[in-house]
Structure formats: C-alpha cells, structure tokens
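Please examine the sequence and the three-dimensional model shown below.

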Amino acid sequence: MAVDLSPKSAEKVYESNGGSYSRWSDLPILIKENIGTAKLSLLKDGFALPSYSDSSKVAYVLQGGGVAGIVLPESEEKVIAIKKGDALALPFGAVTWWYNKEDTELVVLFLGDTSKAHLPGFFADFHLIGSNAIFTGFSLEFISRAWDLKEDEVITLARSQPDQGIIKLEDNFKMPETNNEHRQSLVLNCDEAQPDIDVYYGGRVVVLNTRKFPLLGKIGLGANFVTLEGNAMRSPGFSYDSALQVMYIVRGSGRVQVAGATWERVLEFDLSAGCLFIIPRFLVVSMIANSEGMEWFSVITTPDPVFTYLAGETSVWQALSPQVFEASFNVDSDVARRVRDRKTSGAVFFPRPY
C-alpha cells in the first residue's frame, strides 16, 4: 500500500501568549478519507475566541480543565466546566469558545468529518472576532446597518481585537458561571464512565455511541476510549461496518501492527503519547502496550461502530463451526480444538504472559 500510514505529531498553525492551535497536515490519508484533526492548547487565562467550523467534530479533553461555551444552532449559550477525559459532540454550526482558568495547560483534541468542508482533511474555523474574523470582512455600512450602530462605534468594534484566534485575558477577568445541568446532554467523561469491556490486567473500553450520547447521531461519528494495561495485547480486529478509525495516543507507549487485504503487513510502528494514526477501512489492527501501559482515544466514522475480532472468546472463529475451522486451516480436529480453546478466556484484551 503506497499511502503513508505512519504515526505523526501535530504541527502548530498559530500561537500567542494565551496558547496555540495545531493540526496534522502531513498525513495524505486524512485528505483522502475526509478526516480533520486539530489540537487546542490554552495556558492560564488563555481564551480561544468564539468561532464555528465547517465540519462536525468530537472534542476530547486530553489535559487540564477549564470552561467551554457552546451555542448550538437556534439555541442559547451553554457554559460548562470541562476536565480531563471529557468528550463533547460538536455538530455543524455550533459556535464555541474555550477558556483556561487553571495553572495547568488545557489541551483539547478535535477529530471530525470534513466531507462537507471547504478543504478536505482540514477544519476551516470561522472566527467571529479578531484580526482574521468574518466581522472584518464587511464594510462599515453593512455592519452599521446590521447592528444599528454609528460609524465611529463600528470602527471601534472592528479594531478592538487585533489578535487572532487565541488571546490572554487579565487575571481578574470574570467569565460567565458554568451550569452543571448542561453537561448531561453535551459531555460524556471517559475516565468516569462504566467500561463496556473490562478485562482484568488486560484493558478497558468505553464506547461512545448514540445510546449513551444521542448527539453523536447528529454529527455521524462514534468514538471510544481504550486503556491497555502494561504488556497487554488488544486482539487483532477490524471495523465490521467499513468505518475508518482515527487513533490518538493519550498516554504511554506500545507497538502496533496492521495487516492489509492480502495480509501483507502495511504498518508496524512504535507508538508514543501525542502521535496520531489512521486505520483504513477493513484493515486488521492489533496493539501491544509497553510496561507502562497505553491509552488512546479514537473517532470512528459511524455513530454506532461494530468491531469483529479474530482471537479471544469473542473471535469470529469461535462463532464458526469446528469443521469449518479444520477445513480452513487444514488441521486435524485435535489441533483445531486446542487452538480454538486456547484464547477463550480473553475477550478483546489479553493480559501480559507470565
């Protein structure tokens, strides 16, 4: 396969004394598959100015805590506290702003669908204010009539914010109060949610689908958060419904192997925190964590993903009859039975060998 699938790190697009905005631009498969990826980092008192995007996204808080403001189409502003492990669904047209009031840097990952974007593989963020904002694109006459303002007032507004994207607020600046009730429909915390799969000394999976997170149905994406314990292995598997996976390593390190349609190995790399890679449709992927373990957050291009595994008690080989197994592998019944029984104690994750 000619497409470069190797893990990559993000590159900064712009930064200020309030923080920075980065994206992955050297993965051609992002453009081919219409996937956008970006990362927002805010220092203390950093404020990401209100903007909307041309793409639906899932946001995941990688580090720190802060405040997010979200205005869904034809809705009021919802101001919520955010913290590490939070996943947020952001549909088309949602206006958002982000603020960090803590000493710890706030880092938010964005993964989404760019099939309707201006530029496939990239998010176009339309800022409402700032040096690169839509507000500055209109003449004084248009703004004056739209807002019923005098010309000198329009000039003041147009020139009041010379920075772009991210600014730093004064220490004593008071942002609006958060509302815990708004979190229920907008946020699911992956660190606190009950795992859908939990294997002792193996790993855990928290699945984000429309049953748990109805807003995902509106943006057409699903997600999951996976913890792989030290030296444990994730069973080889693939997306049953042709979905594409975008995986970001949140913590730890390990190794990944991916097999292609003709079962050639198309990817084999070491993984570390901060890198992102993509698993194309139907390819089979498996990971083994290093001693410190590994965590990753994935966005999947369907709101209710289904995966098939090739080993363990949920393996497709366990569903097929013993006769089909024997004929397929060209082995006798004793060998078939030993192989089929060998991994039935593990489901998706296999703890480290002793």
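The model is predicted. One of its features is an open sheet built from 7 strands, which are ordered E1-E2-E3-E10-E5-E8-E13 and paired in antiparallel fashion. At the edges lie strand E1, covering residues 11-16, and strand E13, covering residues 187-189; each of these pairs on one side only. From one strand to the next, the twist averages 20°. In general, the strands of a sheet pair through backbone hydrogen bonds, in either a parallel or an antiparallel manner.

Strand E5 comprises residues 56-63 and strand E10 residues 106-113; the two run antiparallel and are joined by 7 bridges. Across this pairing, Val61 stands opposite Val108 in E10.

Attention now moves to Tyr99, which is located in strand E9, residues 95-99. Is Tyr99 buried or exposed? Tyr99 counts as buried because its relative accessibility is 4%, and the limit for that class is under 20%.

Which residues surround this side of the chain? Leaving aside residues up to four places away in sequence, Tyr99 touches Leu42, Asp45, Gly46, Phe47, Gly66, Val67, Leu106, Leu169, Phe173 and Met175. Two of these partners can be described further. Val67 is 32 residues from Tyr99 along the chain, yet their C-alpha atoms are separated by 5.1 Å. With Asp45, the tyrosine makes a polar contact between side chains, at 3.2 Å.

Definitions and conventions. Residues numbered from 1 in each chain as written. Predicted model: local features only at pLDDT ≥ 70, side-chain atom pairs only at ≥ 80, totals over all residues. Heavy atoms only, no water. Pairing = 2+ DSSP bridges. Helix = DSSP H or I, 4+ residues; strand = E, 2+ residues; numbered from the N terminus. Axes fitted to C-alpha atoms, helices over the stretch in contact; angles between N-to-C directions. Buried < 20%, exposed > 50% of the residue type's maximum accessible area, 1.4 Å probe, protein only. Contact = heavy atoms within 4.5 Å. Polar contact = N/O pair within 3.5 Å; in protein donor to acceptor, adjacent residues only side chain to side chain.
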